[in-house]
Amino acid sequence: MAETSDAIIIGAGIHGASLAFHLTRRGLRPIILERGFVASGATGRSSGLVRMHYDLEPEAALAWASYRVFRDWSEIVGGECGFTRTGFLQIVAPDHNDRLRANVAMHQRLGIPSLVVGADDVRRLAPAFHTDDFDLAAFEPESGYADPTGSAGAFLAAARNRGARLVQEVQVTALTTRGGRVEGVETTGGRFDAPIVINAAGAWAREVALLAGLDLPITTWRHDTAFLRRPKDLGPSHPTVIDFVNLMYFRPETGGLTLVGLEDDNPLGVSPDSGGDLPQPDFVERAVDRICRRIPGMDRGSLQSASAGYDGMTPDQRAVLDQAGPDGFFLVCGFSGTGFKIAPAVGACMAEWIVDGRPQTADISAFAAKRFAEGRHLTGEHAYGSIWH
Ligand SMILES: Cc1cc2nc3c(=O)[nH]c(=O)nc-3n(C[C@H](O)[C@H](O)[C@H](O)COP(=O)(O)OP(=O)(O)OC[C@H]3O[C@@H](n4cnc5c(N)ncnc54)[C@H](O)[C@@H]3O)c2cc1C
């Protein structure tokens, strides 16, 4: 006997969890099928940056709508998301000063608290930073980071309180359709039926889309991160930073740690099932070298831990939010290494699409899957270029 529900969500990462939360708010009782455990994919490895600085307006709008959920999490969702306000700096090389100004103006039009600051201001905000290699930065005083695993758990706890069901250690292996409509899925744990099936399978999204006859240009993206211990004299914390000059991002973590990730050398096409979450052999050395360029005193720091994670990556490094393939099949995937911070608004939009027939929280039409077949890659009006190199 198949178990029947209103909707089947494949994947219990932050996006499956957010969608489950928003669907239950609209009165649906979805079932979430997860091959591992909650946040066992990208979400559990995510660096958790919460900022609004994007060069693509629809992404900035999604991040801004999501930010307010992170900030007011306990009232809106319940439980904790671990949002920590640190302030956020986007540092660019001088040849991108005009783009930075234009993007901050776009953010301000959206209502995002953001301003252009000079290197002197950055030195006052973060006295330990080296500031001689850039003129300008964008500063978002309200931004910071959150706890991705905790956020997914809190979304799911709220969804389950309203009737959602979570089944872990069950892998979806086939999609069943009738007359061009989805009917349900086959899994390693039996059959589940629902008129709606959502692919929120992260790095495995291409395989899951193939079950519906869709060949999406989503590959896998592998990303290493390291936690480094800061010398005590560098102070109790520092802003969260994306540093385009050094192809790096970093943020503080409790316990006197700094988390570092690099924008280059993130291999594509490696199977997330190939085993092991150890970083690449030279990663820690490269990460230490980069952070010491921005915070010279980190040369007296030490390594706490390092690991790797995987996300689904599209050709333009932007998400796929769509209905495609058989009726009732939805795509919430391809987040390309930046999907955590937009999950609250993406879940709201997709729930509105599923229940009301159209998203309302934000305009997500830019993220349609057909853009790839039509050769249209999403780029910002004042683009910095690819995030990942
Ligand atoms: C190391 C790292 C750092 C990052 N840092 C940031 C950051 O600072 N800020 C930011 O905004 N974003 C960041 N990202 C990106 C962000 O974490 C991801 O975009 C986001 O977590 C994706 O969530 P998801 O729910 O789509 O995927 P996932 O969290 O990967 O969840 C998908 C789930 O689907 C399950 N699944 C797959 N196939 C099946 C199947 N057939 N049947 C059942 N279940 C299945 C998987 O087991 C997995 O749990 C980072 C990503 C990584 C890897």
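**Rings, strands and cores**

Trainee: Where does the charged end of R68 sit?
Mentor: The charged end of R68 is over the ring of W64, 4.4 Å from its centre. For a charge to sit over a ring, NZ of Lys or CZ of Arg must be within 6 Å of the ring centre and within 35 degrees of the ring normal. This is a predicted model, so local features need pLDDT of at least 70 and side-chain atom pairs count only at pLDDT 80 or more, while totals for chains, interfaces and linings use all residues. Residues are numbered from 1 along each chain as its sequence is written, and side-chain values use heavy atoms, with hydrogens and water left out.

Trainee: Which ring does the charged end of R51 sit over?
Mentor: That one is Y54, with the charged end of R51 4.3 Å from the ring's centre.

Trainee: Okay, rings with rings now. How many aromatic pairs are there?
Mentor: The count is 10. Rings of Phe, Tyr and Trp (its six-membered ring) pair if their centres lie within 6.5 Å; planes under 30 degrees apart are stacked, over 60 edge-to-face, and the rest tilted. One of the pairs is F70 with W73, which is stacked at 5.8 Å centre to centre, with 15 degrees between the planes.

Trainee: And what about F70 and F340?
Mentor: Those two make a tilted pair, 5.1 Å centre to centre with 45 degrees between the planes. The pair links distant parts of the chain: F70 is in helix α3 (residues 57-71), while F340 is in the loop between β21 and α10, 270 residues away. Helices (H or I, at least four residues) and strands (E, at least two) are DSSP runs, numbered from the N terminus.

Trainee: Why does F70 count as buried?
Mentor: Because its relative accessibility is 2%, and buried means under 20% relative accessible area, exposed over 50%, and partly exposed in between (1.4 Å probe, protein chains only). F340 is buried too, at 8%. F70 and F340 also belong to one aromatic cluster with F21, W73 and F155.

Trainee: New topic! Which residues touch the most other members of the largest nonpolar core?
Mentor: They are L23, L62, I198, L321 and M350, in a core of 61 residues. Such a core is a set of buried Ala, Val, Leu, Ile, Met, Phe, Trp, Tyr and Cys residues joined through side-chain atoms within 4.5 Å. L62 has contacts (heavy atoms within 4.5 Å) beyond its neighbours within four places in sequence, among them L321, I342 and F367.

Trainee: Which residues does the second core include?
Mentor: That separate core has 31 residues, including I10, V172, L216 and A324.

Trainee: What strands does β2 pair with?
Mentor: Strands pair if DSSP finds at least two bridges between them. β2 pairs with β3 (residues 30-34) in the parallel sense over four bridges, and A7 stands opposite P30 there. Three bridges join β2 to β14 (residues 197-199), also parallel, where I9 is partnered with I198.

Trainee: Last one: is N97 buried or exposed?
Mentor: N97 is buried, with a relative accessible area of 10%. N97 is in helix α5 (residues 97-110) and touches V92, D135 and L136, leaving out residues up to four places away in sequence.
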